[in-house]
Amino acid sequence: MAVLLAVVFYVAVAPTLSWVQFHDPIENLNVATALEMRRGGPWMVPDLQGIARLAKPPLTAWATAVSIRPATVAALDVADPAAREAAYARFSYEARRPALLAAALVLIAAYWLGHLCGGERMGLYTACICATEW
């Protein structure tokens, strides 16, 4: 049941990932770092504009960079505005996909925790409540 709920959540939220532009400073920092990694920057110790990003472990930057396809990055630089806009929508989806996957896994964990505390119904309630918080 938990996996089904996580899949429904993922499928329902995935189309909305490209609706909003990047506006949060932390998200912008992560996306810029991942984009720089995809454009040939260092992967082991990611940097942003030549300054190493050592304040936090780079797991988020790695996951985001792996999720972004090289073809999408290349399409961001084309001259045609319509093609560039379509590439930006794909880029938004691909950059946010790891966070959505993590959220779906959190739903499974919430279900499991609720199930341990109060049974099947409690697990379902816990996961549903958790899903509405995103």
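Analyst: Ser67 counts as buried because its relative accessibility is 11%, where buried means under 20% relative accessible area, exposed over 50% and partly exposed in between, with a 1.4 Å probe and protein chains only. This is a predicted model, in which local features need pLDDT of at least 70 and side-chain atom pairs count only at pLDDT 80 or more, while totals for chains, interfaces and linings use all residues. Residues are numbered from 1 along each chain as its sequence is written, and side-chain values use heavy atoms, with hydrogens and water left out.

Ser67 belongs to helix α3, residues 59-67. Helices (H or I, at least four residues) and strands (E, at least two) are DSSP runs, numbered from the N terminus. Leaving out residues up to four places away in sequence, Ser67 touches Glu94, Arg97 and Pro98; contact means heavy atoms within 4.5 Å.

In α3, the buried residues are Ala61, Thr64, Ala65 and Ser67. Seen down the axis of α3, these buried residues fall within an arc of 160°, so they line one face of the helix; the arc is that of the directions from the helix axis to the C-beta atoms. Leu59 and Val66, on the other side of α3, are exposed. The cover over the buried residues of α3 includes α2 (25-38) and α5 (81-118).

Helix α5 also holds Tyr93, which counts as partly exposed at 25% relative accessibility. Apart from neighbours within four places in sequence, Tyr93 is in contact with Tyr10, Ala14, Leu17 and Ser18. The C-alpha atoms of Tyr93 and Ser18 are separated by 5.1 Å, although the two residues are 75 residues apart along the chain.
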